[in-house]
Amino acid sequence: MPQDSSPRKPGDSAPNFDFLNEQDGSELGGRDSGGDSAVGVLPAGEHDPDEAALPSPDQSTEEEKPTGESPSSIFSDAVPTREDEGYTPPEELAGPDEATLIAPESFSDVEPPMVPDDSVPAATAAEADPADEADDTLHVAGMAGIASTADEETVRMEAPADMTDPPRHRRSEAAASSGRNDAGDDSKQRLNLIILASYASAVTLIAIYLWMRLAAAAAHPHHLESLPDVKPIPEGQFSEYDAAATMPPGHTLQLGDSRQFGNIRVDVLRISREPVEFAHFSGDSKRWREASQPVLKLWLRFTNVSDDQVIVPVDAELLLKRAVNSSGKMLANNFVIRASDKPAGGPRVFLYDHPLTSEWDLKEQNLGLALKPGESLETYVPSAVDGLEDLEGSLLWRVHFRKGHSPRGYGVTTLIEVAFSRSDVAGGDTQTQSS
């Protein structure tokens with residue numbers, strides 16, 4: 001501890017604190033050169049610690065102490081009393097309403113302590129203003145009051161009623177609403193993407209399925225799609241195709257349909273009721289044969305759509321050839337059948353029974369005519385006379401024809417079925433015709 005600038009006299013009751021003059025700072029909590037806090041103690045006297053207060057800011061210490069008075073004089077043995085001249089009670093210094101020390105709003109208002117500068121001479125420090133030196137000394141009880149009041153003020157600090165969260169954690173309503181809108185837009189976009197992806201997947205699966213069906217059909221065509229010609233079949237043999245068999249896709253036509261099979265396009269023209277007429281193969285018009293009873297005639301047009309093949313779409317062997325097996329059952333590939341009887345394969349109405357070696361041809365039938373590329377012919381397929389009265393409801397007419405030639409020159413044939421009913425027949429009811 002620094003030595004006193006003036007030696008103490010014997011009998012002094014108060015220590016000499018002139019060493020405070022050697023400090024550079026005079027604020028609360030100032031430190032001496034040794035780093036210890038310098039706290040002054042007021043002269044001993046009868047006073048209540050609760051009544052201790054700092055001087056009022058409006059009152060100047062210069063009015064209470066002479067300018068030239070030494071700071072050490074405030075610590076003299078003589079205790080001022082109310083009878084002394086110029087004595088001011090502490091409660092009046094603090095003001096009528098300020099008997100209790102009021103802490104500042106925040107400890108941040110208190111300036112930080114100043115570290116004493118040892119370079120300042122002691123003489124200069126001794127010449128400091130006495131009023132400033134008086135401010136350096138605080139009563140210990142006053143210090144306790146400051147700390148207590150500051151803690152109390154700190155506890156009493158509350159957030160405004162309209163701030164339930166710290167401002168840094170609160171978002172404005174506009175920002176919150178914008179966030180919700182963005183979240184809703186993101187959800188809609190995700191939903192649209194899911195729907196689009198599902199639709200694309202479904203379309204892709206359907207396309208793959210159809211492609212597989214077409215590939216399978218190309219690799220394994222229907223067994224009735226392309227059939228061998230009758231020409232290579234040895235004499236005395238006959239190939240019949242099941243009457244109950246299902247037609248290949250696209251091989252069931254309606255009246256008025258036009259469809260291509262191989263190198264031949266087929267147009268379904270009409271169904272008529274009329275008798276079959278004959279013409280002599282020699283062309284001699286003087287030779288004459290009586291016409292048949294009315295029959296059903298299916299009229300077709302065949303057109304060669306190939307680039308280099310000459311094709312005979314129909315001939316007597318394709319249309320008129322038939323055979324009887326050992327059990328007496330008639331075998332043929334051209335007939336009329338009721339749709340309801342097809343699963344059982346009959347009964348059937350075959351074509352007009354005309355021998356292949358007859359000298360008479362069916363007039364206007366044009367069987368065996370070869371068509372060059374682009375050429376057409378119209379012909380008819382006649383039904384038998386017998387059994388027409390049994391044809392009712394939905395009917396199917398099966399026709400066997402040639403659709404082109406294989407690379408080796410053999411004919412390639414196929415089957416079609418024309419769906420119709422009795423009302424489609426031009427010229428009257430079939431029962432009337434048969435009678």
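Start by selecting T414: at 0% relative accessibility, this residue counts as buried (under 20% relative accessible area; exposed is over 50%, partly exposed is in between, with a 1.4 Å probe and protein chains only). You'll find T414 in strand β14; helices (H or I, at least four residues) and strands (E, at least two) are DSSP runs, numbered from the N terminus. Before going on, know that you are looking at a predicted model, where local features need pLDDT of at least 70, side-chain atom pairs count only at pLDDT 80 or more, and totals for chains, interfaces and linings use all residues. Residues are numbered from 1 along each chain as its sequence is written, and side-chain values use heavy atoms, with hydrogens and water left out.

Now show what surrounds T414. Leaving aside neighbours within four places in sequence, T414 is in contact (heavy atoms within 4.5 Å) with L224, E225, L227, H251, F261, V399, H400, F401 and K403. Pick F261 from that set and draw a C-alpha to C-alpha distance: T414 and F261 are 8.1 Å apart in space and 153 residues apart in sequence.

**Zoom out**

The protein has 7 helices and 14 strands, and 30% of its 435 residues count as buried. Of the contacts with a separation of 6 or more, 71% are between residues 24 or more positions apart.

Colour by pLDDT, the predictor's confidence in each residue from 0 to 100. The average for the protein is 73, and 55% of the residues score at least 70. Select residues 94-110 next: pLDDT stays under 50 there, and the model gives this stretch 22 contacts beyond four places in sequence. Residues 144-155 are also below 50 in pLDDT, with 10 contacts beyond near neighbours in sequence. Where pLDDT is low, the predicted coordinates should not be read in detail.

**Salt bridges**

Side chains of opposite charge can pair when their charged atoms come close. The structure holds 14 salt bridges (a side-chain nitrogen of Lys or Arg within 4 Å of a carboxyl oxygen of Asp or Glu).

Select R301 and E378, whose side chains meet in a salt bridge at 3.2 Å, N to O. R301 sits in strand β6 (residues 294-304) and E378 in strand β12 (residues 376-382), so this pair links distant parts of the chain, 77 residues apart.

Move to D315 and R402, another salt bridge, with the closest N and O atoms 3.2 Å apart. D315 lies in the loop between β6 and α6 (316-320) and R402 in strand β13 (residues 394-405), so the pair ties together parts 87 residues apart in sequence. Both D315 and R402 are buried.

Then try E392 with R422, a salt bridge whose closest N and O atoms are 3.8 Å apart. E392 is in the loop between β12 and β13, while R422 is in the loop between β14 (411-421) and α7 (430-434), so parts 30 residues apart in sequence are tied together. E392 is partly exposed, with a relative accessible area of 39%.

**Backbone stops**

Which residues does a cis peptide bond join? Select G346 and P347: omega between them is about 10°. P347 is in the loop between β9 and β10.

Now go to the loop between β11 (360-362) and β12, where E364 lies. E364 has a positive phi of about 65° although it is not a glycine, and at 53% relative accessibility it counts as exposed. N366, in the loop between β11 and β12, has a positive phi of about 60° and is not a glycine either. N366 counts as partly exposed, at 41% relative accessibility.
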